[in-house]
Protein chains: 2
Amino acid sequence: VESDGIMDRLKCTFESRESTTVQPVSRKLFNIMSAKQSNLCVAADVTKSAELLSLAEKVGPYICLLKTHIDILSDFSTEVVEELKNIAVKHNFLIFEDRKFGDIGNTVATQYSGGPFNIVDWADLVTVHGLPGDGVIKGLGSCASGQPRGCIIVSQMSSSGTLTSDEYIKGCCKMAEENAHFVIGFVAQSNISKDPRFIVFTPGVQSGCTSDVLGQQYVTPRAAVLERGADVVIVGRGITKSDDPCSAAKHYKEEAFKAYQERITS
Amino acid sequence: VESDGIMDRLKCTFESRESTTVQPVSRKLFNIMSAKQSNLCVAADVTKSAELLSLAEKVGPYICLLKTHIDILSDFSTEVVEELKNIAVKHNFLIFEDRKFGDIGNTVATQYSGGPFNIVDWADLVTVHGLPGDGVIKGLGSCASGQPRGCIIVSQMSSSGTLTSDEYIKGCCKMAEENAHFVIGFVAQSNISKDPRFIVFTPGVQSGCTSDVLGQQYVTPRAAVLERGADVVIVGRGITKSDDPCSAAKHYKEEAFKAYQERITS
């Protein structure tokens, strides 16, 4: 499992990778993934608080992470995030606000720790674009004030016509290495890093259809993990639009974890 | 003023550029810039509704645009945006929510037209990152439903270590040309487009200091317009942190418009 002196991420167990990092959220996530045998993240793209909480309860037992877009909730309140935190503790998953912060450090710091959402207070993880340079990471990092918090760099996107070039991806990887105290990994569509500290999250995962009308392109859980190098698969509409989100989550969890087990033993 | 068959943006008056486009927000903005002799946008980075409205009233007479980060208001309400719209009508400026949308089309559509902020309802303009591909523009465009709305592509950033390469900028320009019904121009730090239809907005403008602790790098209004090709200069802390924002806005307005007048006549 070793090449060029470093362990290859693709061949390491989640359990063994926990010891490769001191980042508190990475460690917690590796721990949950091993304990629950789940590398499934559900994208909770719903617009009502009641739907969000109900979905979190249903899929909670099968996921390591719940991904939110808190700014699409038409009836947001501080109570809903309090309740969400309770559900996360009960089912042992982390909360990941997919904010895609993409501004200068001073601005993202205010967006992260202020406004109605006060994201830093309840989201273990957030996404950032590497585009502005690492001020975006330093800005967020300055708000964590001792709480275990981290970010994921969106390094490659799944939408058609994306401008995430090879050079862009390299820039994001460098930014992660230089800011590994706060960066826990990447959103990516391919095996962009061998580093076992970093966790690779792949969105746009669904078993059925292959695109939507606004440019999203899908990949199956098995292909995401085995061909593209995903550690965590992010499934949205495949679960949320299912008649039975609970069974759908169980199915995706098993399929994705089986693919991971094949990967580490092959 | 002509080269390669197209009029050079840098040499055209704002008045004459109005007739080069059918995009309704571009036309309105060119009209305001000519009428008010202002190419100043104030970045209203404040965290209280009362401060936002008070600032808008003070700088209103001197600006063509007010740039907001609505998600940093700790006491956001639908009343504050209603009041802001009234002030914008009274002083004849447009409202520009600097959201930097950076997700797939389906997601940004929900973020733009949903949640507590319902941005499409009150912001004439929003910023997008070109990174996801033009699904981000099509997603937003699908929400406008007949209202005059538009977006600005963040093509180049002012922060240190930014990943906006030449190739990235070219990709954004192509995206603008192919989506000119909704894209009104670019956020940029240099003369990235000659096309007189597109308006170039340059942030990070300030007369005094040259950087902040989180990587923001500043340029003067004169240098922004004459050396970097800005049409509209975006001034934040230089005005909002001033003891007298009203006089500061007047000063920046005159300096930036004088630079523009020099540019078109030189």
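Two residues are in contact when heavy atoms lie within 4.5 Å. The model described here is predicted.

B:Ile264 sits in helix α10 of chain B, which covers residues 245–265. With a relative accessibility of 19%, B:Ile264 counts as buried, because buried means under 20%.

Once neighbours within four places in sequence are set aside, B:Ile264 is in contact with B:Leu10, B:Lys11, B:Cys12 and B:Thr13. The sequence separation can also be set against the distance in space for B:Arg9. B:Ile264 and B:Arg9 are 255 residues apart in sequence, and their C-alpha atoms are 9.2 Å apart in space.

## How the two chains are related

## Helix packing

Two packed helices are described by the angle between their axes and the distance between the axes. Two pairs are described here, one in each chain.

In chain A, helix α3 (residues 49–59) packs against helix α10 (residues 245–265) at an angle of about 45 degrees, and the axes are 8 Å apart. That angle makes α3(A) oblique to α10(A). From α3(A), the residues making the contact are A:Leu55, A:Lys58 and A:Val59; from α10(A), they are A:Pro245, A:Cys246 and A:Ala249. The crossing of α3(A) past α10(A) is right-handed.

In chain B, helix α3 (residues 49–59) packs against helix α4 (residues 78–91) at an angle of about 5 degrees, with 10 Å between the axes. α3(B) is therefore roughly parallel to α4(B), because angles under 35 degrees count as roughly parallel. On the α3(B) side, the contact is made by B:Ser49, B:Leu52, B:Leu53, B:Ala56 and B:Glu57. On the α4(B) side, the contact residues include B:Val80, B:Glu83, B:Leu84 and B:Ile87.

## Cysteines

A search of the whole structure finds zero disulfides over all chains. A:Cys41 is in no disulfide, and the nearest cysteine sulfur, that of A:Cys64, is 6.5 Å away. A disulfide needs two cysteine sulfur atoms within 2.5 Å. A:Cys41 is buried, at a relative accessible area of 0%.

For B:Cys143, the closest cysteine sulfur belongs to B:Cys151 and is 12 Å away, which is too far for a bond. B:Cys143 is also buried, with a relative accessible area of 13%.

## Positive phi in two loops

B:Gln37 has a phi near 50 degrees, a positive value in a residue other than glycine. This residue is in the loop of chain B between α2 (24–36) and β3 (40–44). Its relative accessible area is 41%, so B:Gln37 is partly exposed.

B:Ser145 also has a positive phi without being glycine, with a value near 35 degrees. The loop that holds B:Ser145 runs between α6 (135–141) and β7 (150–154) of chain B. Is B:Ser145 buried or exposed? At 63% relative accessibility, B:Ser145 counts as exposed, because exposed means over 50%.

Conventions
Residues numbered from 1 in each chain as written. Chains lettered and ligands numbered in written order. Predicted model: local features only at pLDDT ≥ 70, side-chain atom pairs only at ≥ 80, totals over all residues. Heavy atoms only, no water. Buried < 20%, exposed > 50% of the residue type's maximum accessible area, 1.4 Å probe, protein only. Axes fitted to C-alpha atoms, helices over the stretch in contact; angles between N-to-C directions. Helix = DSSP H or I, 4+ residues; strand = E, 2+ residues; numbered from the N terminus. Parallel < 35°, antiparallel > 145°, perpendicular 65-115°, else oblique. Left-handed = near helix turned anticlockwise from the far one by under 90°.
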